[in-house]
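Please open the structure in your viewer and keep the selection panel handy.

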Amino acid sequence: MRSCYLSWKSGSGLVSGSKKLRSDTESDPDTDPERNELNEPTKSNEPNKPNKPNEPNEPNKPNKPISGASIMKHEITLNINGDSYSLAVDPWRTLNEVLREDLNLTGTKLGCGSGDCGACTVIVDDRSVSSCLTLAVEMDQKEILTIEGLAPSGEELHPIQESFVEKGAIQCGFCTPGMELSAYHLLSHNRNPSDGEIRESLSGNLCRCTGYNKIVEAIADTANKMKSKRKKDK
Ligand code: FES
Ligand code: FES
């Protein structure tokens, strides 16, 4: 019974154990009654029998890896602020996570995480995008502008940033990267926006501090500065 229990419980792993037990007895398998008893369980090791106890568990397939375990990371290349980054990302990670956590580009903020506040705004291939709602894998080979790339160099500010500072359009600053990139997107397509057009372009960006008037004023000021600069450059 003992060998039967062992071989039954542990399946093929103990088949070799029971074989060893037989060889240790050195008795004649045809004449030794104990040996015959020992031999009986080996029958249960015939191809199908050891697997029987597992059959009730078969529907649950407990030993099979869950499907998620086989999901592979994706190799992508992101072109950000003129630099190229090659990295492997899980398919469910957002562009915001990859920018902030993998590339340490923390100028892009995470506010609501649901597309409502605009704090995470970046420019992708000339489109204004909520990075919290954008999968990083979808950004493979795209051109991305974050707030870190807005100024032409580390030594000087972009005219939008200058105007935000000069007009007092920054208080806590949490909304500022998204606001400035929305302003950049607007001024890239409309050099002389009206106040209404400016406000409309900021409709996806929330600010808890400034009341918006100073931000609108700053963007209008930027438009004027850039117009003057264009005239001067002619
Ligand atoms: S964090 Fe993306 S819209 Fe608020
Ligand atoms: S300056 Fe604080 S949220 Fe806009």
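Helices here are DSSP runs of H or I with at least four residues and strands are runs of E with at least two, numbered from the N terminus. This is a predicted model, in which local features need pLDDT of at least 70, side-chain atom pairs count only at pLDDT 80 or more, and totals for chains, interfaces and linings use all residues. Residues are numbered from 1 along each chain as its sequence is written, while chains are lettered from A and ligands numbered from 1 in the order in which they are written.

**Stop 1: Phe 164**

Select Phe 164, which sits in helix H5. Is Phe 164 buried or exposed? With 26 other C-beta atoms within 10 Å, Phe 164 is buried (buried means 20 or more such atoms, exposed 12 or fewer, partly exposed in between, with C-beta atoms placed from the backbone). Now show its contacts, meaning C-beta atoms, placed from the backbone, within 7 Å. Leaving out residues up to four places away in sequence, Phe 164 touches Ala 169, Ile 170, Thr 176, Glu 180 and Ala 218. Glu 180 is 16 residues from Phe 164 in sequence, and their C-alpha atoms are 8.3 Å apart.

**Stop 2: the largest nonpolar core**

A nonpolar core is a set of buried Ala, Val, Leu, Ile, Met, Phe, Trp, Tyr and Cys residues joined through C-beta atoms within 7 Å. The largest one has 38 residues, and Leu 181, Ile 215 and Ile 219 touch the most other members. Among the elements supplying at least two residues each are strand S1 (74–80), helix H5 (159–166), helix H6 (176–189) and helix H8 (213–233). Pick Ile 219: not counting residues up to four places away in sequence, Ile 219 touches Ala 183 and Ile 198.

**Stop 3: H6 against H8**

Colour these two helices next. The axes of H6 and H8, lines fitted to C-alpha atoms over the stretch in contact, come within 11 Å and cross at roughly 40°. From H6, select Met 179, Ala 183 and Leu 187; from H8, select Ile 215, Ile 219, Thr 222, Ala 223 and Met 226, and you have the contact.

**Stop 4: two loops**

Finish with Asn 81, in the loop between S1 and strand S2 (83–89). Asn 81 has a positive phi of about 55° although it is not a glycine, and it counts as partly exposed, with 15 C-beta neighbours inside 10 Å. Then go to Asp 125, in the loop between S3 and strand S4 (127–130). Asp 125 is not a glycine but has a positive phi of about 45°, and it is exposed, with 12 other C-beta atoms within 10 Å.

How values were computed. Contact = placed C-beta atoms within 7 Å. Axes fitted to C-alpha atoms, helices over the stretch in contact; angles between N-to-C directions.
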